[in-house]
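Trainee: I am new to this structure. Could you help me learn to read it?
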Amino acid sequence: MNLPLDISSGVAAAREEGKPIVALETAIVSHGLPYPDNVETVLASEEEIKRIGALAASIAVIEGRIRVGLDTVELERMATSKNVVKLSRSDISLALAGRWTGSTTVSATMICSRLAGIQVFATGGIGGVHRGAEISFDVSADLIELANSPVVVVASGAKAILDIPKTLEFLETLGVPAIAFGQNYFPGFWSKSSGYRAPYRFDSPADIANSFRLRRDLGIRGGILVANPVPAENALPLTEINQWIDRALQDLDARQIRGKSVTPFLLERIAELSDGRSLKANKDLIKSNASLAAQIAINLNQTNVASPASAFRSRRNSA
Ligand code: PSU
Ligand code: MN
């Protein structure tokens, strides 16, 4: 294959030595968080991954080349440049052909992770089925990519601006397990809980790693979603956040914003309405997801096989 793919020397060396690696996306840097919170958050996440014992690989497309393992200067560029395109699975090949510079969303980051042989990826929240999708048909490409690329995606669920039950149904249809980490409820991005039960619950990184390994061994394509709740200190109450979401959705409607701009607009508007509290939670949950992702990556690198005991510990969360 003759792909315009550059893997940094650090990431290449880690891969060579079989060291655990965690991919990070850059759409949250260019479109999800304001400056300088965006660059602070990605650097803090990289630091956290290192502290746990893995290596972070931030991913983007720079002048038509996929770059795995960005340096600080490149991250700063993603965080400040106005000409960065938000890339998904639909347009990443266009970006390579047209020599664009773009940040990678969950779907594009999963594709690049697969190409670079990285099995674990941390982000804030995945895209999903939007509220009112029965009219707008707005369903994120993230869900389709989860069904295709073999990557463990660690996120605080799907962004709470979405329709959570529809997103969970869609994941079920695609054969992607949505696993809540350490609690029965599916996380609500800025809140500990979305108010909906998660279909599955796991309590340890080792069990998650085992389930992913077994999925691969079974020959099932695609990834898994690990939904890690926001740390308690910066979690926001569901009732409060719901008011801001409703308000932001009304503004979205009034301005007739569509397509790729929907998610960035809603995130920014909710940050305004919440007086920065949603932003604080968003930053905190990304770092915490980076930490859990590193623990899963370390477990995936150890060659233990699933014990019957671990199969019992991980149960279907249907009670
Ligand atoms: N997580 C965040 N903030 C974000 C996103 C995720 O905390 O901005 C981005 C991700 O890159 C995700 C994208 O893939 O939003 C989904 O966009 P859309 O709804 O347009 O598919
Ligand atoms: Mn969309």
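Trainee: How many positive and negative side chains does the chain have, and how far apart do the centres of the two sets lie?

Mentor: Lys and Arg count as positive and Asp and Glu as negative, leaving out His and the chain ends. Each charge is placed at NZ of Lys, CZ of Arg, CG of Asp or CD of Glu. Here the chain has 34 positive and 33 negative side chains, with the two centres 3 Å apart. Keep in mind that this is a predicted model, where local features need pLDDT of at least 70, side-chain atom pairs count only at pLDDT 80 or more, and totals for chains, interfaces and linings use all residues. Residues are numbered from 1 along each chain as its sequence is written, chains are lettered from A and ligands numbered from 1 in the order in which they are written, and side-chain values use heavy atoms, without hydrogens and water.

Trainee: What share of the residues counts as buried?

Mentor: Buried means under 20% relative accessible area, exposed over 50%, and partly exposed in between (1.4 Å probe, protein chains only). Of the 319 residues in the chain, 55% are buried.

Trainee: Which residues of helix H9 are buried?

Mentor: Helices (H or I, at least four residues) and strands (E, at least two) are DSSP runs, numbered from the N terminus. In H9, residues 164-174, the buried ones are Ile 164, Thr 167, Leu 168 and Leu 171. They cover an arc of only 100° around the axis (using directions from the helix axis to the C-beta atoms), which puts them on the same side of H9. Glu 169 and Thr 173, on the other side, are exposed.

Trainee: What comes just after H9?

Mentor: Gly 175, with a positive phi of about 80°.
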